[in-house]
Amino acid sequence: MRVSDIRIERATASDARRLTRLVRRSGAYRGEYAAMVEGYRVGADYIAAHRVFVAVDGTDRLLGFYALVLDPPELDLMFVADGAQGLGIGRRLAEHMKAEARSYGLTSVQVVAHPPAEGFYRSVGARRTGTRRANPPAVRWDRPELSFDLD
């Protein structure tokens, strides 16, 4: 796969099933984290309500996606397919998200990260701002809070 063949485009309602599959099959949510995505659904209503973008290759294969909530500004979801990790797709999605947020006049975007993803978010410009405490039974572990400062 050539990086030049990767497109980032707005998700549509027809993407809902494959976004849901990507979330539920993510290797980052195995073991102790599996309960977090069990039964998780990215629905057409969610895609319509938020700025959801997909990264696809030349054959329209889903490589990753993100969801930007505008009010309050938050990166709600970001996933890269297990087989596409290490190719720079997450970095491209993060840069696209920041440009999208700026186009709406946002000056910062918050993210409550999956603990193993904190290093990635910091590598693409987010800074640690705090900790979101565990909220059992849904979330059984503390999560890092970060912010992308856009100005």
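This is a predicted model: local features need pLDDT of at least 70, side-chain atom pairs count only at pLDDT 80 or more; totals for chains, interfaces and linings use all residues.
**Close-up views of aromatic pairs and the nonpolar core**

View A. Leaving aside residues up to four places away in sequence, Tyr121 is in contact with Leu75, Met78, Val111, Ala113, Ala126, Leu146 and Phe148.

**View B. The largest nonpolar core.** This core comprises 48 residues. Leu19, Phe65, Leu75, Val109, Tyr121 and Phe148 are those with the most contacts inside it. Two or more residues each come from helix 1 (16–25), helix 3 (44–49), strand 2, strand 3, strand 4, helix 4 (89–103), strand 5 (108–112) and strand 7 (143–149). Strand 3 makes the greatest contribution, with six residues. In soluble globular proteins, nonpolar side chains tend to be buried together.

**View C. The aromatic pair of Phe53 and Tyr66.** The structure contains six aromatic pairs. In the pair of Phe53 and Tyr66, the ring centres are 5.4 Å apart and the planes meet at 20°, under the 30 degrees required, so the pair counts as stacked. Phe53 belongs to strand 2 (residues 51–56) and Tyr66 to strand 3 (residues 62–70), so that the pair links distant parts of the chain, 13 residues apart. Phe53 and Tyr66 are both buried. Arg10 is placed over the face of Phe53, at 5.9 Å from the ring centre.

**View D. The aromatic pair of Phe65 and Phe79.** These two rings are stacked, with 5.9 Å from centre to centre and 15° between the planes. Because Phe65 lies in strand 3 and Phe79 in strand 4 (residues 73–80), the pair ties together parts that are 14 residues apart in sequence. Both Phe65 and Phe79 are buried. Through ring pairs, Tyr29, Phe65 and Phe79 are linked into a cluster.

Methods: Residues are numbered from 1 along each chain as its sequence is written. Side-chain values use heavy atoms; hydrogens and water are left out. Rings of Phe, Tyr and Trp (its six-membered ring) pair if their centres lie within 6.5 Å; planes under 30 degrees apart count as stacked, over 60 as edge-to-face and the rest as tilted. Helices (H or I, at least four residues) and strands (E, at least two) are DSSP runs, numbered from the N terminus. Buried means under 20% relative accessible area, exposed over 50%, partly exposed in between (1.4 Å probe, protein chains only). A charge sits over a ring if NZ of Lys or CZ of Arg is within 6 Å of the ring centre and within 35 degrees of the ring normal. A nonpolar core is a set of buried Ala, Val, Leu, Ile, Met, Phe, Trp, Tyr and Cys residues joined through side-chain atoms within 4.5 Å. Contact means heavy atoms within 4.5 Å.
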